[in-house]
Amino acid sequence: MKTIQNNLLLVFLIVGLLGYGQSNENTGQAYREDQIYLGLSFMSIVRNQSDFFQRGVSSHFQIGVVRDFPLSVDGRWAIGLGLGYSTAQFSSNLKRLSNTATQTLAYELEAETSSSTTANGFQSIEFPIELRWRDSSPQDYQFWRVHSGIKFLWNISAKSKFEDSKTNILHEINRWSSELFLAFGYNTWNIYVSYELKPVLTNLPIIQMESSLQMNALKLGLIFFLL
């Protein structure tokens with residue numbers, strides 16, 4: 001827990017240090033769009049097993065800062081490098097099985113008629129790298145924008161909860177994952193969509209099935225950029 005708190009403190013310190021907004025037009029240089037971002041999305045799990053299904057609402061939350069590096073003289077094209085924190089959680093019929101005697105791990109997909117639900121939750125430090133376009137100027141704070149890129153996630157917490165039992169599964173997941181993302185919109189309100197390239201959970205052994213379970217999270221929601 002202390003490690004997670006220290007990581008969160010680092011993120012917010014950097015947010016405070018780098019969140020300067022648009023640079024002064026009198027510098028004679030291409031202006032920057034350093035921004036704090038805040039987003040909330042719903043998740044849909046793309047999978048290779050039709051017997052897998054989600055239950056309830058699956059959500060994703062993100063917050064962080066992006067440092068702007070202009071590519072053009074007018075400042076409309078730029079590279080963005082960021083640092084942030086995110087959480088993701090989903091509930092499904094995926095039940096984790098563990099045999100402590102043989103030290104083996106497997107999963108099963110419960111029937112749709114079963115009322116049992118497994119909830120999985122993750123916390124991550126994220127590093128977005130993006131190409132940015134905006135129809136703006138140093139005097140105009142309301143404009144159209146398109147941001148697209150890749151995000152690397154360092155997964156720092158992973159828990160699985162079934163009924164009253166909660167298990168730390170950090171050692172069972174990919175500690176590094178990645179996703180492609182696109183954000184576009186006008187002014188503060190923007191649409192956000194992303195798709196996992198390297199999932200947090202992958203190659204899960206499912207009992208009574210020949211192939212393992214592959215899952216990729218598709219996220220769709222809103223992201224807000226604050227100068």
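Strands E2 (54-70), E6, E7, E9 and E11 each put at least two residues into the lining of the second largest cavity. Strands here are DSSP runs of at least two residues, numbered from the N terminus. This is a predicted model, so to speak: local features need pLDDT of at least 70, side-chain atom pairs count only at pLDDT 80 or more, and totals for linings use all residues. Residues are numbered from 1 along each chain, and side-chain values use heavy atoms, with hydrogens and water left out.

**Second largest cavity**
- About 60 Å³ of space sits in there; a cavity is a set of points on a 1 Å grid over the protein atoms alone where a 1.4 Å probe fits but cannot get out, and lining residues have an atom within 4 Å of a point.
- Its lining includes Tyr-37, Gln-62, His-147, Lys-151 and Phe-225.
- By class, that's eight nonpolar, two polar and two charged residues.

**Largest cavity**
- This one holds about 220 Å³, and of its 21 lining residues, Ala-88, Phe-122, Glu-196, Val-200 and Ala-217 are the closest to the centre.
- The lining splits into 11 nonpolar, seven polar and three charged residues.

- Trp-189 lies in strand E10 and counts as exposed (over 50%) because its relative accessibility is 55%.

Technical notes:
Helices (H or I, at least four residues) and strands (E, at least two) are DSSP runs, numbered from the N terminus. Buried means under 20% relative accessible area, exposed over 50%, partly exposed in between (1.4 Å probe, protein chains only). On a 1 Å grid over the protein atoms alone, a cavity is a set of points where a 1.4 Å probe fits but cannot get out, and a pocket is an open set with protein on both sides within 12 Å along at least five of seven lines; lining residues have an atom within 4 Å of a point. Grid points are joined across faces, edges and corners, and a volume is the space filled by probe spheres set on the points. Ala, Val, Leu, Ile, Met, Phe, Trp, Tyr, Cys and Pro count as nonpolar, Asp, Glu, Lys and Arg as charged, and the others, Gly among them, as polar.
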